[in-house]
Amino acid sequence: MSSLKAYLTFVKPYWRLVLITVLIGIVKFGIPLTLPLLLKYVVDSLLLGSFTQNDKIVQLGFIIGGAFVLFVIIRYPIEYYRQYFAQLITNRTLFDIRNRLYDHIHKLSLRYYQNHKVGEIISRMMNDVEQTKSLVETGMMNIWLDIVTLSIALGIMSYMDSSLTLIAIAILPLYVVAVKVLYRRLSALTKARSQSLAEMQGYLHERVNGIPVIKSFTLEHYEKGQFGRKNEQLLERALAHTRWNALTYGIINTLTDISPLGHFCWSISSL
């Protein structure tokens, strides 16, 4: 939690942009949610209603024209500015973090530099900072968009069919538990992979600088074996992360598909 609070201090100066991005995102995700309502109106009110043929044609023309304006003309700038502002906030935040880190490394003791490789320090400043970008995009903005989108979707679903809505939300507790358990382990594996990558970069930095010495003592074969072991360790941690990531997405997507399956079974049983 302390690391999250520290990260929030870098995002705080851009809270207005975050708010604008979230509001634009709500519109972005809200536009596709209007499609079921349009289809419901067309089928229930127009096709099955008591309108005359001319009235149906006129209203269908208005609906098609409105849908074209909404999904083609309006949605494009919404999509553009949502992505632009999200990336702007992320890049500005990473810019500030790197500046703060560069200032911080000048305050570290000489003993710290004796105990840490140069390549490892560089990796911390570049690779680890770059990997935090998902925290801004996902944690700071998308989670709020998902909550609002889910609320709107549930409202529309309740309006259309309350029974199917109950079936849809019945899977949510399993979904929440799966996300909490799986992503906790995925975070630990991501950290281990980052640590291994930093060690590899530190090792390479030292060995590349020491190539003249390695050649003078004909240690190429020995260094090749050392590098192979380091590289194998990085591969093992990367594959462990890959396996768990695949498992996470497999379980989450399966749980996501259970809800439409429940809808289908309920609809079949109601026939």
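**A buried histidine, then the rest**

Author: Start with His241. His241 is buried, with a relative accessible area of 11%. Keep in mind that this is a predicted model.

Reader: Where is His241 found?

Author: His241 sits in helix α10.

Reader: And which residues is His241 in contact with, leaving aside its neighbours within four places in sequence?

Author: Leu186, Leu189, Thr190 and Arg193. With Thr190 there is a polar contact, side chain to side chain, at 2.9 Å.

Reader: Why does His241 count as buried?

Author: Because its relative accessible area is 11%, and buried means under 20%.

Reader: OK, zoom out. How many helices and strands does the chain have?

Author: The chain has 10 helices and 0 strands. Along the sequence, the pattern reads α-α-α-α-α-α-α-α-α-α.

Reader: What share of the residues is buried?

Author: Of the 271 residues, 24% count as buried.

Reader: And the surface?

Author: The accessible surface of the chain is about 18000 Å². Carbon and sulfur atoms account for 68% of that surface.

Reader: What about contacts across the sequence?

Author: Take the contacts between residues at least 6 apart in sequence. Of those, 83% join residues at least 24 apart.

Reader: New topic. How many salt bridges are there?

Author: The count comes to 5 salt bridges. One of them joins Arg207 and Glu223, with the closest N and O atoms 2.8 Å apart. Arg207 lies in helix α8 (residues 172-209) and Glu223 in helix α10 (residues 220-269), so the pair ties together parts that are 16 residues apart in sequence.

Reader: Is Glu223 buried or exposed?

Author: Glu223 is buried, at 13% relative accessibility. Arg207 is partly exposed, at 27%.

Reader: Which other residue forms a salt bridge with Arg207?

Author: Glu206 does, with the closest N and O atoms 3.4 Å apart. Glu206 is partly exposed, at 37% relative accessibility.

Reader: Which residue forms a salt bridge with Asp103?

Author: Lys107, with the closest N and O atoms 3.3 Å apart. Asp103 counts as partly exposed, at 39% relative accessibility.

Reader: Why does Lys107 count as exposed?

Author: Because Lys107 has 62% relative accessibility, and exposed means over 50%.

Reader: Which residues are linked in a network of salt bridges?

Author: Lys28, Arg75 and Glu79 are linked in such a network.

Reader: Let's look at a helix. How many residues does α5 have?

Author: Helix α5 has 14 residues, numbers 118-131. From first C-alpha to last, α5 reaches 19 Å. That is close to the 20 Å expected at 1.5 Å a residue.

Reader: Where is the kink in α5 centred?

Author: On Arg124. The kink there is about 35°.

Reader: Which residues of α5 are buried?

Author: They are Gly119, Glu120, Ile121, Ser123, Met125, Asp128 and Val129.

Reader: Last one: Thr21. Where is the place of Thr21?

Author: Thr21 is in helix α2, which covers residues 15-47. Thr21 is buried too, with a relative accessible area of 1%.

Reader: Which backbone oxygen does the side chain of Thr21 reach?

Author: That of Leu17, at 2.7 Å.

Notes. Residues are numbered from 1 along each chain as its sequence is written. This is a predicted model: local features need pLDDT of at least 70, side-chain atom pairs count only at pLDDT 80 or more; totals for chains, interfaces and linings use all residues. Side-chain values use heavy atoms; hydrogens and water are left out. Helices (H or I, at least four residues) and strands (E, at least two) are DSSP runs, numbered from the N terminus. Buried means under 20% relative accessible area, exposed over 50%, partly exposed in between (1.4 Å probe, protein chains only). Contact means heavy atoms within 4.5 Å. Accessible areas come from the Shrake-Rupley method with a 1.4 Å probe; for residues, only the protein chains shown count as cover. A polar contact is a pair of N or O atoms within 3.5 Å; within protein, one must be able to donate a hydrogen and the other to accept it, and residues adjacent in sequence count only if both atoms are side-chain atoms. The expected span of a helix is 1.5 Å times one less than its number of residues. The bend at a residue is the angle between axes fitted to the seven residues ending there and the seven starting there. A salt bridge is a side-chain nitrogen of Lys or Arg within 4 Å of a carboxyl oxygen of Asp or Glu.
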